[in-house]
Structure formats: structure tokens, C-alpha cells
Amino acid sequence: MAGKAAIRKKKKWSAEDKIFNVIVYIIFGLFTFLCFYPFYYLIICTISNTQLVDMGRIILWPRDIHFNNYFEIFKVQNLGRSALISIVRTLVGTSSTLLASAYMAYFFTKENMWGRKFWYRLTVVTMYFSAGMIPNYLNNQMLGLTNTFWIYIIPGLISVYNMILIKTSIESMPAELEESAFLDGAGYLRRFVNIVLPLQKPILATVALFSAVGHWNDFFTTKLYITNTKLYTLQYLLYELLSQIQAASQQIQYETGAQMASNSITPTGIRLTLTAVVTIPIMIVYPFIQKYYVKGIMIGAVKG
Amino acid sequence: MKNKAAVKKRKKWNDFKVFLYLLPVLLIVILFNYVPLWGWSFAFFQYKPGRALADSAFVGLDNFKALFGNAVMRKNLFRVLTNTFGIHLLGYIFTPFPMIFAILLSEVRGSKFKKIVQTITTLPNFISWVILFSLATSLFGSTGLINTIFKELGAEGQVVTFLTSNNHVWLAQVLLQQWKGLGWSSIIYFAAIAGLDQQLYEAAMVDGAGRWKRIWYITIPQLIPTYFVLLIMSIGNFLNTGVDQYLAFGNALNKASIEVLDLYVYNLGVGSGQISFSIAVGMMKSLVAFVLFFLANTISKKIRGTSVF
């Protein structure tokens, strides 16, 4: 890359180059704006006067800035509890899937394992083959996982894709590192915990962040398996709210809206603020993800 | 001689011991991926929720026959398959875009501009479809920004029914997918471009090749294999559309065009409690999907020499 840049610098910009640059800047500027604006619009709406938002007056910058929405939102039933469920689920789910997937990956790198090839294929095929949504449901019901917190954690304990990523990374580690520990008399588990895990921090971080985003964003598990409102996640709460608003607007205009308005913020205000509350954590962890994801996707590309 | 046999035996035990370590996690994989296959037996009964399978009538292949024989069922299945294929095929038109995105952006000189573009365009990939729906409602909904502005401008007739009409549903959903995934999908091409041999470019420049020529004759030919591998592997997932997007964006008004196979299985099984039918549909889907995956894998093996297994 450096060589290419140096050679180009020597040359004067040709007309072709100039036109090219202008066009590319415009195209990417537009697309980037399209990706950025909805998030920006969301945030400025939540801190602007809601009446002005409903009148379409808030377009480029916030007006009558206030943060009431973020206080009022706590009046939404179950919000605190759902937030807690979402957070605990993300933490517990991410750490357990990370540990279990890494554990599996480590033992799959042991080429002398009895029947290794068969077990590996048996595991990898599950990425492409599934019994289906309803059979999975019946199975989880039989296991007593429906309407429990554990439905969020246990079925997803092994993520095969993440397992492959970690396995590829472990395989690229010099074998001598493990060997010396082996000669010191360390067993498999000791070597896994003391040598492999610490050395695999970069890939584990990548996988952890992907998995955390997945846990945080999931709403379908709740929709399919949970009827107990105490176990709702934030995403599902937002989903429910959106379906209610949609159903209401299709029947009589804002029947439930009037009811919500007594909370002193409008349905739009509630919806936007809840959306922001669900989105902001992603935006906060995003810079950290960005540092790692390129690496993750490259390892994935090599394999898959 | 005896010693050798003992060593062999110990090695065998050691190999087995490694397997025993794996066993607990392997059992989890089996429990949540293979054990559910017993649910397929429901497809051969007339099962109603709340009853035991033993109390349900065994109907053999009747459920499968009804899927094709019953006019309403057949019509629904046909509609749902048309939606699944339509959305996917329309999506294929956009598959070269991530490559073009990466090529053009890596030609840009300002590294700060490049970084900002990459950061912002990748962000939507990490947002759930529910949030995306909420954002879309704010912008395109009946009381959303665009319609409000139209109203303010006095163009009452010009209502944008992006979310609540049965027209252009496929295109709308594909465009949303593109908005969400374009930046993300291009990363793999950035990685590929970074790995290209710079000497080729230098040689081409000495020969007087302009920017377009270098892109056309050097960059693109080297990225095409990556493009095709990704395309082939996506065939393996042709029927697996997932439900998140369509569940979030689906409503009574656009149901006819947005209901894809996965969503149909959900609606049939959970919505209307036709467990046996929905499992029959799901079974056929799983089998076809597996054949497609196998096909894609074989093609990839032939062309690239590597495969998933």
C-alpha cells in the first residue's frame, strides 16, 4: 500500500483522477449520510419537544432540548425489569457460550481424539441443518426450558461458528507452548485454562462482542418461548410496543395512544426513547467491536 | 513385544480420554440439534396442542399430501415460496455491490474519510430488526417524518405507504437488507484487496494504465473468486431467511407479499396451532436446504478445492 501511495504522489493528478475522486466522495458521502441520519434523527427526536417532532419540525437539529423522555420512560411497565433481564442475559449468555465454545474448540484441535473427524462433522453440519422451529420448540418444552430464564442461555451454549473461529485461531498457535506445559505435567484442563485461553484473548474478544450483540438484539426467543412478562427483554418490550402502536393505528387512530398520553409523554415519545435506550448500548460498545471484527471476519473467511 | 502392546493400549486410552473431555459439550450439541428430530414424527399425526401424541390419530403421509392436494394449502405454499425466492433473487442483484463498495473506497486517498465511511456504514449491521423497524416507522410511517413533511407542504395525496402497502414489498425489504448489510459485507473485500500483490499495480502504472484500467484488469479479476465463493455458499442458505426481519416488518396489509417460508412455518405452528402441518412444511424445508447446502459445498470443492467438509 505504501509503495502504491508513494508512486501516486509523484504523479500529478490527472483530470480522470479528479473526476473519479469527486464522484466517489459524493457517492460515499451520500451513503454514509443515509446510514448515519436515522440514528441521529432518533437521538435528536428524543431530546426535542415532542409536539414539534409530531409536526415534522425536527429535521436537522434538536429544538427545545429536554431530557424528560429519559426520566418518563421508567414509567413504562416492566422497563426496569426487562433492562435487568437483558443485561444479565447478555452477560451470562456471552460468558457461558464463550467458555463452552472455546472448550469445544480446544478439544477439537486434539488430532488424536477418538473419532475426531466424525464428531467434528456432526457438529459443523448443525450450522446448515436444523430440525426446524417447531421441533426445536417441542424439544425445549420437553426439557422444561420454556418460560424460564435458561431458554436464553442453554440452547445457545455452543455456537458452532464461533467454535470454528476459535479453533482456527488455536491451531495457528505454536505447538511448543502447550508442549512445555505438558512436559511440566499439566493436564488438558490446566493447559486449556492457563495457556490456551490467555493466548487467545484477541479472538475471544471478537467472539464475545459478536455474541453479546446477538444476545442483546434477540427478540424472537422471547416471542417464541416466553409468556411470563417478568422474563421479557428490552428488545421484546420494544417489539410489543411497536406491534401495539401499529395495531392501534390500523383500527381507530391511537386508541391506546390516548391511554399512554396520560403518562405525559406521547406514544411517539415512548417509542423513540425506548428505541434509543435499546440502541445506545450498541453504539457504546461498537467502537470496541470495530477494533476486532475485521480480524474475526478474516479468520472466518479463511475457513468458511 | 509386550511392552509395545502396553504402549499402544495406553495411547488408545489417551485418545479416548480426549473424547471424554469433549463429550459434555458434544452432548449439548446433540441435545439441541439432533434430539429435536423426534419432533418430525408429529408430521405423521393429526396433532392438536394440549393433547398427547399418543391420543392423536396417525395419518401417515396425509399432511404432506394435503400440502399439495388441498387447494388453499397449495396456494399458500406457492405464495410463500414465491416470496422467499423473489426476495432472495432480488437480493442477488445487489451481491456485486459490496465488492464495488470496497474497490471504490480503497481507491480514495483520504484515510480519515475512509475510516469514517467504514465505521458508519458498518454500524447498521449491529442493530436489531426491531430497532430498524422503529427507525423506519419514524421516517416512513403514516405519521413519520416524510409523510409529515409532505402534509406540511400541502401534498396530502403524496402519502408514502412504504410500510403498510402490499406494493414493492420485496424491493423495500431488499433495500432495507442492503442498508443494513452493505458496509459489513464489504469488509471481506477490503481484506482481500489489502492482500493483493502491489507489484502488479506498479508494473501496470509503468505501462501507463490509468485508474479504471487497473481496477478493471487487476483488482476485479482477483476479487471474482471471492465473490463466487460467497455467492455459492449463500445458495446453501437460500431457504433460511430467518424470521426477525419479516416478523418486525410484517403486518396485515403486507402479509401476502412478506410472508416467507420461515415466517409461514411460525404462523402455521404458533399462530394457528397447526403443529403437524407446520412440522411437515418445516421438514421439507430442512431437507431441501440440506440438499442445497450439499450442492453448494460440492461446487465449492470443485471450483476452489476447499469446502466446509
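In chain A of this predicted model, residues 24 or more positions apart account for 73% of the contacts with a separation of 6 or more. The secondary structure of chain A consists of 15 helices and zero strands. Of the 304 residues in chain A, 36% are buried. The pLDDT of chain A averages 83, and 86% of the residues score at least 70. Residues 252-263 of chain A have a pLDDT below 50, and this stretch makes 13 contacts in the model beyond near neighbours in sequence.

Chain A is divided into domain 1, residues 14-66, and domain 2, residues 73-304. Contact between them involves eight residues of domain 1 of chain A and nine residues of domain 2 of chain A. On the domain 1 side, the elements that give two or more residues are α2 and α3 (50-54) of chain A. The most is given by α2(A), with five residues. By class, this side of domain 1 of chain A has five nonpolar, two polar and one charged residues.

One residue of chain A was examined for its backbone geometry. A:N147 has a positive phi of about 60°, although it is not a glycine. The position of A:N147 is in the loop between α7 (133-142) and α8 (160-171) of chain A. With 14 other C-beta atoms within 10 Å, A:N147 is partly exposed, because a residue counts as buried at 20 or more such atoms and as exposed at 12 or fewer.

Chain B has 14 helices and two strands. The radius of gyration of chain B is 26 Å, whereas the globule rule gives 19 Å for 309 residues; the value for chain B is well over that figure, so chain B is more spread out than a compact globule. Along the principal axes, the C-alpha atoms of chain B fill a box of roughly 85 × 75 × 30 Å. Buried residues make up 31% of the 309 residues in chain B. Of the contacts in chain B with a separation of 6 or more, 63% are between residues 24 or more positions apart.

The division of chain B is into domain 1 (2-33) and domain 2 (45-124 + 170-304). A distance of 39 Å separates the C-alpha centres of domain 1 of chain B and domain 2 of chain B.

A positive phi is also found in chain B, at B:H168, where the angle is about 55° although the residue is not a glycine. B:H168 is placed in the loop between α7 (145-152) and α8 (169-194) of chain B. B:H168 is partly exposed, with 14 other C-beta atoms within 10 Å.

The buried residues in α13(B) are B:L261, B:D262, B:L263, B:Y264, B:V265, B:Y266, B:L268 and B:G269. After α13(B) comes B:G273, whose phi is positive, near 65°.

B:G269 lies in helix α13 of chain B, which spans residues 261-271. B:G269 has 26 other C-beta atoms within 10 Å and is therefore buried, since 20 or more are required for that class. When neighbours within four places in sequence are left aside, B:G269 is in contact with A:M133 and A:I134 of chain A, and with B:Q274, B:I275 and B:S278 of chain B.

Between the two chains, 75 residues of chain A are in contact with 77 residues of chain B. Helix α2 of chain A, residues 15-46, gives the most to the side of chain A that touches chain B, with 14 residues. The residues on this side of chain A divide into 49 nonpolar, 20 polar and six charged.

Notes. Residues are numbered from 1 along each chain as its sequence is written. Chains are lettered from A and ligands numbered from 1 in the order in which they are written. This is a predicted model: local features need pLDDT of at least 70, side-chain atom pairs count only at pLDDT 80 or more; totals for chains, interfaces and linings use all residues. Two residues are in contact if their C-beta atoms, placed from the backbone, lie within 7 Å. Helices (H or I, at least four residues) and strands (E, at least two) are DSSP runs, numbered from the N terminus. Ala, Val, Leu, Ile, Met, Phe, Trp, Tyr, Cys and Pro count as nonpolar, Asp, Glu, Lys and Arg as charged, and the others, Gly among them, as polar. Domain bounds come from an automatic or database domain assignment. pLDDT is the predictor's confidence in each residue, from 0 to 100. The radius of gyration is taken over C-alpha atoms; the globule rule is 2.2 Å times the number of residues to the power 0.38.
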